[in-house]
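Subject: Structure handover

Hello,

Here is the structure for your files. My notes on what was found in it follow below.

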Amino acid sequence: MFGKRTSFGGNTNGAAPQKPAPAATPAPKAPTARTPAPTAQKTKPPVREPKEQVMDVDGEVKNRGVDSEYFKTKSSVFNALIDSIDLSQLATMEIESAREEIRDIVSEIIALKSIVMSISEQEDLLEDICNDVLGYGPLEPLLARDDIADIMVNGAATTYIEVNGKVRLTNVRFRDNAHLMNVCQRIVSQVGRRVDESSPICDARLPDGSRVNVIGPPLAIDGAALTIRKFKKDKLTLEQLTKFGSISPDGAQILQILGKVRANVLISGGTGSGKTTLLNCLTAFIESDERIITCEDSAELQLQQPHVVRLETRPPNLEGEGEITMRDLVKNCLRMRPERIIVGEVRGPEAFDLLQAMNTGHDGSMGTLHANSPREALSRLESMITMGGYSLPSRTIREMIVSSVDVVVQAARLRDGSRRITHVSEIMGMEGDVIVTQDIFVYDIVGEDANGDLIGRHRSTGITKPKFAERARYYGEELNLVEALERANSENVGAA
């Protein structure tokens, strides 16, 4: 992948690298204790930017340009390394052993080329080259940070990140577009996918479940566009969402009850509003003895129950064959004796099959879809069923929705970057040809503080006995439901 491959060098067999071959100067074993090779000519020490590669909180970009001298030095050392090792043999080693091997060889190359560097500069160079060979190159520092929600690479020279709901420019860059494509190919190959000119669009995932999308040349004109939706190492809980202000404590208890009493829930929201995170939170209240089957385009859900079957769609091959769609997965999982079906995202004809499952004994099924309000979510659901080629009257489709879906939970990303659950709405029934809904909890924006952050509050709409109270009684949760609603109503009176 990275260039010419010859015999493996370094210290594995007790021999020095074949090229270059140090004769008089012994190779140092540790990069921090280098003995410079005696030579009359010294190269200019490269200038290395700070390791932190993000914008200031004030919005100023730190060191946007990357010093060409550093890249020139890095390329020279990297090419010498590739000429000295066999990557196929390196792949058979443990990660830590391979990393140490590379560090030893790079230290020898630095000494041979008489590159004058401080210990910290040399350590940065060693780390960058190890990331290039064994990891995801310049993306490694960003992937290691848990406060970054999204990484957006727009060609080799431009990388953005999202932190605290705000998109910021970084000074992370790749050597060239070929280097970026190599990293993209390394990511997607882990899940059996490929990305090249013949197949330039690909969805994949990282080992931690982070979602990855790649679109490469010739469709991406200025170099490959790589987007990574990161998942936090520690899965968020409803308690944490309450702490962050995404939902009130009483609203969180209502959601917890919905998960326990096997209500059929749709989570609606825009891009980046936290739908998948919220779905993960709701699934935490599923009983451990239930058989759960998840269907996703790219496996992201992190269910903690012991009896979970994870299914993932498959794109067509180069001949256009072998595609497995979301609808194929949903239809097949009905034959797998599921108790709950969780669909990562409903975006097409599989909506019909999910509603059928919800209405035929698979209570407690859940899914997400893109919409800006609960009312719009129901309209989109109807549209997706119609897109599947079903020539059913609109009233019949709406009756199916009413009999299948119990609650729509609306998530939103507000203009200040915060994420809030703005509606918890239940479906009541039909009046004529119109689906009737009622809000149980809503989020009201009441103002803005001096920093531009929105001020709002969650409030109950005064509903004391929602339609799913009968289901709560059946599962022994009616008392908890009534208490949560009464507390929320009393808080409304106090706030008024």
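Helix α9 (residues 275–283) is largely enclosed by the rest of the structure, because 8 of its 9 residues are buried. Buried here means under 20% relative accessible area, with exposed over 50% and partly exposed in between (1.4 Å probe, protein chains only). The buried residues of α9 are Lys275, Thr276, Leu278, Leu279, Asn280, Cys281, Leu282 and Thr283. Helices (H or I, at least four residues) and strands (E, at least two) are DSSP runs, numbered from the N terminus.

This is a predicted model, in which local features need pLDDT of at least 70 and side-chain atom pairs count only at pLDDT 80 or more, while totals for chains, interfaces and linings use all residues. Residues are numbered from 1 along each chain as its sequence is written, and side-chain values use heavy atoms, with hydrogens and water left out.

Leaving out residues up to four places away in sequence, Leu255 touches Leu238, Leu278, Leu282, Val409, Ile421 and Val424 (contact means heavy atoms within 4.5 Å). Leu255 and Leu481 touch the most other members of the largest nonpolar core, which has 37 residues. Such a core is a set of buried Ala, Val, Leu, Ile, Met, Phe, Trp, Tyr and Cys residues joined through side-chain atoms within 4.5 Å. Helix α8 (residues 249–260) gives the largest share of this core, 5 residues. Another core, of 33 residues, lies apart from it and includes Phe352, Met358, Ala377 and Leu381.

Next, a helix pair. Helix α12 (residues 374–387) packs against helix α13 (residues 394–404) at an angle of about 120°, and their axes are 10 Å apart. Axes are lines fitted to C-alpha atoms, for helices over the stretch in contact, and angles run from 0 to 180 degrees between N-to-C directions. The two helices are therefore oblique to each other (under 35 degrees counts as roughly parallel, over 145 as roughly antiparallel, 65 to 115 as roughly perpendicular, and the rest as oblique). On the α12 side the contact is made by Leu378, Leu381, Glu382, Ile385 and Thr386, and on the α13 side by Ser394, Ile397, Arg398 and Ile401.

Last, Thr294 lies in strand β8 (residues 292–296). Thr294 is buried, with a relative accessible area of 1%. Apart from neighbours within four places in sequence, Thr294 is in contact with Leu301, Leu303, Val308, Val309, Arg310, Leu311 and Ile342.

Regards
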